Amino acid sequence: MELFRNSVFVRMFLAAFASQLGTIVGNMAFAFYLVDRFSSQPSYATLAELMYSLPTLVVFLFIGVLADRLDRKRIAVQSDWIRAGLSLVLLVAIHEDWIVAAFALLFLRSAISKFFAPAEMSLLQGIMKPEQYVQASSLNMMIMGIFMLFGMSLGSAAYYYLGIEGAIIIDTVSFIVSGILLAVCHFPLHVRQPNGKTKLKDLNLKSITADFGAGLKYIVRSRLLLAIILGFFFFGIVNGVFSIIPLFTMRYKLSPEHYQVYTPLVMVFLGVGYLVGSVLAAPLIKKFGKVGVLITSLFLITALTLIAGSFDHIQLYFATMVLLGLCLAPLNVVFGGWMPELVEPQSMGRVSAWIEPLGTIGQAIALGFIAVAFPAFVSVTALYWILGATLLIVSIYYLIVLPSLSRKHQSSVKTEAEVTG
């Protein structure tokens, strides 16, 4: 409740809600449009997912540095305005059936969105107390659970009742609303520009490269932070496969004739579990610690993924999705609450800039593999086994390295507090 008494947090919370809602509706509607329009070419849906992730590899050098050097509020607001404008152009491209131009616009819009995330994360860190990080992360996971419940259904409904054009209009309006809410937020100067006032013209490739390298040095100095971030490559693979696998599961395995109805239900059941898991996350973390919750969640998610891929009955698949969501939420709350604790505000952008490329490389590898190999060389079930194997690797890695590193970090923090005191 203390978080919601902070008017700036409330506006940012509503802005994130509006932006994510529109994005999910637009992206899901576009996926349904591609599957309908090019039903014999499932690679098109995979290609669209690549357009959402690949831009990171183009702009990763700049996104974190700009978030730490320039005005974070201005970056976030202008990112919303530009994405709204590109969405309108996308509307024209789809109306004229310019599919290549549509993919190019998806790429550009996604590239702009990459500048938004580090700026928003850094602004949020600046308006919260350290003890509120886990609670704020839990709230964000609850919102994600709501999107899982209704996002895909709304995307499907928008596509079938309003058409792809109507869905993209909703997407456009969401960016405008988000931009307005962020524009009226008032942040202290040290939150907007913690490293002092800098203008874009003061930056050059040499200084940007130096700052980007400083982010790597910051990560390497903290072995715990380094260990956590290295795991994001594998999470990128997982996200790449999971971004498309529910649609493929229904379309090519469980319900080819009614996949439009059942695919949104996958996210509904996942969202039910995610909401419950988000509520339980903070108490679980308080009782068992971040490391215990993270590792346990990962092993459970691995087992549930393998089980889900073996089912031929929709009802059993949906039940597994509820359990999967229940385990996913605490995992994400741990990461969301841990990062602000480990990274100083003036370096958050540069550290975040290293997370995105690692995850994107993994995601691009996964989606590229699916585009080439599915359905000619691998089945839907095989995709689940690949996903499970990837999760098992990262689970074992974290089990080996995180407990001891976490104890050392807590000991050093305690020692530093005693010296400061």
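A residue counts as buried when its relative accessible area is under 20%. In this predicted model, cysteine 185 sits at 0%, so it falls on the buried side of that cut-off. Cysteine 327 comes out at 11% relative accessibility, and so it is buried too. With sulfur atoms required to lie within 2.5 Å, the count of disulfides here is zero.

What does serine 174 touch, once neighbours within four places in sequence are left aside? The contacts are Ala18, Ser19, Gly22 and Thr23. These four fall within the span of helix H1, residues 7–37, and that helix is the one to look at next.

Two packed helices are described by the angle between their axes and the distance between the axes. For H1 and helix H5 (residues 99–127), the angle is about 160° and the axes lie 12 Å apart. Angles over 145 degrees count as roughly antiparallel, so H1 is roughly antiparallel to H5. The crossing of H1 past H5 is left-handed. On the H1 side, the contact involves Val8, Phe9, Met12, Ala16, Asn27, Phe30 and Leu34. Facing them from H5 are Ile99, Ala102, Phe103, Leu106, Arg109, Glu120, Leu123, Leu124 and Ile127. Sorted by class, this contact holds 13 nonpolar residues, one polar and two charged.

Then there is H1 with helix H2, residues 43–53. Here the angle is about 150°, and the axes are 8 Å apart. That angle makes H1 roughly antiparallel to H2, while the crossing is right-handed. H1 brings Asn27, Phe30, Leu34 and Val35 to the contact, and H2 brings Tyr44, Ala45, Ala48 and Tyr52. How do the residues of this contact divide by class? Seven are nonpolar, one is polar and none is charged.

The handedness is left for H1 past H5 and right for H1 past H2.

Technical notes: Residues are numbered from 1 along each chain as its sequence is written. This is a predicted model: local features need pLDDT of at least 70, side-chain atom pairs count only at pLDDT 80 or more; totals for chains, interfaces and linings use all residues. Side-chain values use heavy atoms; hydrogens and water are left out. Axes are lines fitted to C-alpha atoms, for helices over the stretch in contact, and angles run from 0 to 180 degrees between N-to-C directions. Helices (H or I, at least four residues) and strands (E, at least two) are DSSP runs, numbered from the N terminus. Angles under 35 degrees count as roughly parallel, over 145 as roughly antiparallel, 65 to 115 as roughly perpendicular and the rest as oblique. A crossing is left-handed if the near helix is turned anticlockwise from the far one by less than a right angle, and right-handed if clockwise. Contact means heavy atoms within 4.5 Å. Ala, Val, Leu, Ile, Met, Phe, Trp, Tyr, Cys and Pro count as nonpolar, Asp, Glu, Lys and Arg as charged, and the others, Gly among them, as polar. Buried means under 20% relative accessible area, exposed over 50%, partly exposed in between (1.4 Å probe, protein chains only).
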